[in-house]
Amino acid sequence: MNTKETYAVVTGASQGLGKAFAENLAKKNINVILVSLPGQNLKELSQEISENYNVKTEHYEIDLSVRENVLQLTDWINNLFNVNILINNAGLGGTKKFLEASPGYIDRILQVNVMATSLITHQLLPNLLKQKQSYILNVSSMAAFSPIGFKTVYPASKTFIHSFSRGLHEELKNTSVFVSVVNPGAMKTNTDVCKRIEKQGFLGRLTLLDPNKVAHYCIEQLFRKDSVIMVNPVSWLVMKILPIWIKLPLMTNAIKKEIEA
C-alpha cells in the first residue's frame, strides 16, 4: 500500500487499545488519524507519534455519542484524506444495576458502540473502496458471546458489532475492502482497571490482556486477512464450550463481585 498518500483512522485513540493501535500502525510506516474525546491530550499524542515514527498524523477531538458529530467527522476525513484502514475501537462499557441506570447512561453506550461504529463505517466505505486494498477492523468483545447481568446493555451492543462485522465481511468479500472483527477481553490499561477486573475473581484475571500485545497481534492478523481475530483462545474456548445456563450465572456472579467490592 502507498502509505505516503493514505491514512489509517483509529477511534478511541487517546489511550489503551486505541493508542496501541495507532502506535503499532505508525511503526509500520502508516499515517494515522487519531479520533477521541476532547480533553484527553490527543494533540500531544498525535505529535509524539509523528515525531517518534516519522509518519504523518492528524487528530480530531469529538464526542461520538452524537450523530451529527459523527457525520462532521466523516465529512472532514472524506474531504481531506484517502483512507485505507479503519479501526473502530471507540466503545463504552459500564457495570451497573439496570434499574439504577439512567436513560443517558443507556443511550451513550448504544450511540457509541452501535450507532457510531455503523455510521463511521458507512460514511467512510466509499473512500475505502477507492483504494487498491483496504481494511476495516471492528473491536467487539468476549462479552459478545454471552449476556451478562449487571452489564445488560454492553454485551448486547458488542453482539451487534460482531454480527455487523461478519455480515459486512461477507457482503464485501469480492471487493477491495477486507472486514475483520476482534473479540478481546479486559485490558491492562491502568492500575484501577486491573484492580477492578481482579475483583471479579478467576474469570476476570483470565481475560486481562496487554493492549500493546493485542494491538500488534490484531494488526498482523488483519493484514493476513483473518476475519475473526481471537486474542485469548482460552477464554474463547470457555465461552464456546460452556452452555448458556452455566456461563450466564457464572459471568453475572463475577460482575456482581465487582459491584459489591
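This is a predicted model: local features need pLDDT of at least 70, side-chain atom pairs count only at pLDDT 80 or more; totals for chains, interfaces and linings use all residues.
Which residue in strand 5 stands opposite I87? The residue is L137.

1. Seven strands form an open sheet in the order 3-2-1-4-5-6-7, and the pairing is parallel. Strand 3 (57–61) and strand 7 (228–229) stand at the edges with a single partner strand each, so one side of each has no neighbour in the sheet. As background, strands of a sheet pair through backbone hydrogen bonds, either parallel or antiparallel.

2. Strands 1 and 2. Strand 1 (residues 6–11) pairs with strand 2 (residues 31–36) in the parallel sense, over five bridges.

3. Burial of strand 2. Six of the six residues of strand 2 are buried, so the strand is mostly covered. In a regular strand the side chains alternate between the two faces of the sheet. Here N31, I33 and V35 point one way, while V32, L34 and S36 point the other way, and all of them are buried. The chain reaches strand 2 from strand 1 by way of helix 1 (residues 16–27), in a right-handed β-α-β crossover.

4. Strands 2 and 3. These two strands also pair in the parallel sense, over five bridges. V32 has T57 in strand 3 as its bridge partner. Between the two strands the chain passes through helix 2 (residues 42–53), and this β-α-β crossover is right-handed.

5. Strand 4 and its partners. Strand 4 (residues 82–88) has six of its seven residues buried, so the rest of the structure largely encloses it. It pairs with strand 1 in the parallel sense over five bridges, and Y7 stands opposite V83 in strand 4. Strand 4 also pairs with strand 5 (residues 134–139), in the parallel sense over four bridges. The opening pair, I87 and L137, belongs to strands 4 and 5.

6. Helix 4. Strand 4, helix 4 and strand 5 make a right-handed β-α-β unit. How far apart should the ends of helix 4 be? At 1.5 Å a residue, the 28 residues of helix 4 (residues 103–130) should span 40 Å, and the end C-alpha atoms are 40 Å apart, which agrees. The helix does have a kink of about 45 degrees at L124, shortly before the proline P126.

7. H162. This residue is in helix 5 (residues 153–171). Its relative accessible area is 16%, and the cut-off for buried is under 20%, so H162 counts as buried. Beyond residues up to four places away in sequence, H162 touches S140, A144, F145, V181, N183 and V228. The C-alpha atoms of H162 and V182 are separated by 8.1 Å, although the two residues are 20 residues apart along the chain.

8. T252. The place of T252 is in helix 10 (residues 244–260), and T252 is buried, with a relative accessible area of 15%. What does the side chain of T252 have around its polar atom? The backbone nitrogen of G149 lies 2.9 Å from a polar atom of this side chain, and the backbone oxygen of L248 lies 2.7 Å from a polar atom of it. Leaving aside neighbours within four places in sequence, T252 is in contact with I148, G149 and F150.

Key
Residues are numbered from 1 along each chain as its sequence is written. Side-chain values use heavy atoms; hydrogens and water are left out. The expected span of a helix is 1.5 Å times one less than its number of residues. The bend at a residue is the angle between axes fitted to the seven residues ending there and the seven starting there. Buried means under 20% relative accessible area, exposed over 50%, partly exposed in between (1.4 Å probe, protein chains only). Two strands pair if DSSP finds at least two bridges between them. A crossover is right-handed if, with the strands pointing away from the viewer, the path from the first strand over the helix to the second runs clockwise. A polar contact is a pair of N or O atoms within 3.5 Å; within protein, one must be able to donate a hydrogen and the other to accept it, and residues adjacent in sequence count only if both atoms are side-chain atoms. Contact means heavy atoms within 4.5 Å.
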